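These notebook entries record what I looked up in the structure shown here. I went chain by chain and kept to one topic per entry.

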Amino acid sequence: MIAPTLTAKPSLAQTSACLIAWCLAIACSTQLARGQVAIPAVKLQARVVVAGANAPVNERDHTARKWVRGLIQQELNAIQTVCKLNDKQAKELVDLMEAEWRNKFASVFRSYSEANQRGGVDFEFRVESAVKTWLREVDSITPDQQSAWNYELDSRNELRRRIVIGKMVSDAERKFGLSSKQMKEVEALLHERWKEAWWVMYRNGTTPETKFAWISTALSDAQRTAGADPSGIRQEYYTSGGSVDLPSKSLADRFTIAGVTSDDSIPLQPQPKADAPGQREP
Amino acid sequence: MVTPSFNNSLSTKVRKAAAIAAKRQVLSIFRAIRRCAKPLCLLASMSMGLMAQELVIEQPPNAQAVAGQVVVVQVGVAPAVAAPAAGKDDTNQAAKPKSDKVVDKIPRAFDRNRPEPEEEVEAPKKNAMVNFAMDPDRWTDVIYSQLGGSEGTFDQQQRRRVRSTLNRIELICTVDEQIREKVQATAELEIQRFKTEVMALAAQGPRNPTQEEYSEFYNKVFKLTERYRQQNQPNNAKKMPLWQKVLFSNLSQQHKDELEKDAQKRIEYRQQVVRLEVLQRISRRLGLTSKQREKLEPYLLSNTEAWKTLDQAWQTLQQFPEKEKKDIFTAEQMQELKKPLEQSDDLQLVIREFGDDL
């Protein structure tokens, strides 16, 4: 039974399911040979399916999956608004996303479920990159649509740049005692030195440091002599919880764009079972 | 029998010469001893001081180390167990004062291990918060820690703040050297006054506070530090530090207006950054496009208070008139807007900065 399946190069999930079933069959046959009670086949089957389909391992994992799906759905909505996809393009894109999203974000789910806090997992950036890749992979999407979407991404990056540099300028204003005119000058200097990593740093809760050398040309002699104030009146504390700016989407709902949903043949993420350890009710 | 005999006069001379030589020898030895007497005495005293725990030194009360005189010092070894075990039982307690008394007799200039004056150590109460005494130094540290650092950082912070403010003002209007010095002197006085208040309060601090005593005293600490914190709050003209009042009283009205204008611009810049951040979070939550964000930006300026936090902004958007919502958002986004914001259990870093808005 197993030999033909292996020669036909099955997927990893199928192979692992077969191996587990084989091991269980051997164990059951051994137990039956000893005259013991057999484990109900239905229960066994359910466990095998959940394990083989990259199911949520705990509540944090489940939350991360919902956030990723929510963000993908929003990207789809935005793509439709900006690129105006036709039905064929929409169908191809939504099917591709539905089929690949679990594997594409496996490391994100793992990182988030293993970490104690959100720091270090940038959902937004990962979803944006993945959607950009998927758009490139759909051949029917025209270059004009691609460039329209790239313009949209650039616009988002511009907003992020304004925020992070604004925060850095506010920080420098306190540290060096800048005037409003100097703030504008410092802002221009920081724009020249912009790094994408600053946004990631900021998303993780740290305002990048404004180095004295970067902005010294905008300072007066007295300010240069005084240098930076390392001990500003600043209070830092951690608080548990807060409003989340990430949208969430149920694992049972299919991706939709312009009224086109993903194909029914693509299996959805199985919902976590109540009886399974470390999982919760959907 | 004839025996050889010496001349009497010669033998007498030899004997006399030998006696004289012996006398001279003895005198030279005494002179040498006299020369070494003072250093020897010093050495003896110093070594005695070092061994004070183990040695009992008895010295005549009137004895003084005068140059050229030999001081008699009687040295005896005290029982070795007396000093370390002192205070453990009655016998040893009786032995201890004797030792102290003797050590006191050592000239203070030579005593390197002078005993510290004994403090009256208050026994910790049964319900004390800590098992060590909270002396004024510890309380001082507690008070300064409420202001975000130590006494040293407080000093540094205050002086830097004055300097930084003056530097900033000089970019807009001229501050002559006389005013600058006056302001700095006032600030220095204020720092010293605050430090004196801290010291006075720390001296009142309970040594072994119970929870209630600690709370009561902490309220006093809070009052003192809060007054200081309020002075540093922006737009708090009533509780402005004295040095700022002195500075402003020496500026012309035109300069004051210019400074006020500049301060407003800086405040506006900071607030605009906060609003943009909130807009970005709303954009992520609803999946806004660049055009939709452009449409929302005027609202950020018209009602600045509503865009200070994500929660406030979300509620504001929910309360938007339907017509305006339809102009800005898609049908999906309007549906999304009806949902409440989710709350996360993740730890979030909150940073509060107290700006100086001069």
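Throughout I take helices (H or I, at least four residues) and strands (E, at least two) as DSSP runs, numbered from the N terminus.

**Entry 1. Ground rules.** I note that the model is predicted, so that local features need pLDDT of at least 70 and side-chain atom pairs count only at pLDDT 80 or more, while totals for chains, interfaces and linings use all residues. Residues are numbered from 1 along each chain as its sequence is written, and chains are lettered from A and ligands numbered from 1 in the order in which they are written.

**Entry 2. End of α8 in chain B.** I looked at what comes after α8(B) and found Gly287(B), with a positive phi near 70°. Helix α8 itself covers residues 253-286 of chain B, 34 residues in all. I compared its reach with the expected span, which is 1.5 Å times one less than the number of residues. From first C-alpha to last, α8(B) reaches 48 Å, close to the expected 50 Å.

**Entry 3. α8 against α9 in chain B.** How do the axes of α8(B) and α9(B) cross, and at roughly what angle? Axes here are lines fitted to C-alpha atoms, for helices over the stretch in contact, and angles run from 0 to 180 degrees between N-to-C directions. The axes of α8(B) and α9(B) (residues 290-302) come within 11 Å and cross at roughly 140°. The two helices are therefore oblique to each other; angles under 35 degrees count as roughly parallel, over 145 as roughly antiparallel, 65 to 115 as roughly perpendicular and the rest as oblique. I recorded the crossing as right-handed. A crossing is left-handed if the near helix is turned anticlockwise from the far one by less than a right angle, and right-handed if clockwise.

I then listed the contact, taking two residues as in contact if their C-beta atoms, placed from the backbone, lie within 7 Å. On the α8(B) side are Arg275(B), Leu279(B) and Ser283(B), and they meet Arg293(B), Leu296(B) and Leu300(B) of α9(B). By class I have three nonpolar, one polar and two charged residues there. For these classes, Ala, Val, Leu, Ile, Met, Phe, Trp, Tyr, Cys and Pro count as nonpolar, Asp, Glu, Lys and Arg as charged, and the others, Gly among them, as polar.

**Entry 4. α5 of chain B.** Helix α5(B) runs over residues 177-204, and its 28 residues should span 40 Å; the end C-alpha atoms are 41 Å apart, which agrees. Which residues of α5(B) are buried? I call a residue buried if 20 or more other C-beta atoms lie within 10 Å of its own, exposed if 12 or fewer, and partly exposed in between, with C-beta atoms placed from the backbone. The buried ones are Val183(B), Ala187(B), Val198(B) and Ala202(B). Their cover includes α3 (136-146), α4 (151-172) and α7 (242-249) of chain B.

**Entry 5. Chain totals.** Chain A has twelve helices and three strands, and chain B also has twelve helices and three strands. Of the 282 residues of chain A, 29% count as buried; in chain B the share is 16% of 358.

**Entry 6. α4 against α8 in chain A.** The axes of α4(A) (residues 59-83) and α8(A) (residues 143-176) come within 9 Å and cross at roughly 120°, which makes α4(A) oblique to α8(A). I recorded this crossing as right-handed. Ala78(A), Ile79(A), Val82(A) and Cys83(A) of α4(A) make the contact with Gln145(A), Ala148(A), Trp149(A) and Glu152(A) of α8(A). The classes are six nonpolar, one polar and one charged.

**Entry 7. Positive phi in chain A.** Lys84(A) has a positive phi of about 50° although it is not a glycine. Lys84(A) sits in the loop between α4 and α5 (87-104) and counts as exposed because it has 12 C-beta neighbours inside 10 Å. Ala258(A), another residue other than glycine, has a positive phi near 50°. Ala258(A) lies in the loop between β2 (256-257) and β3 (260-261) and is partly exposed, with 17 C-beta neighbours inside 10 Å.

**Entry 8. Ser248 of chain A.** I located Ser248(A) in the loop between β1 (234-243) and β2. Ser248(A) and Arg69(A) are 179 residues apart in sequence, yet 6.4 Å apart in space, C-alpha to C-alpha. Neighbours within four places in sequence aside, Ser248(A) is in contact with Lys66(A), Trp67(A), Gly70(A) and Glu342(B).
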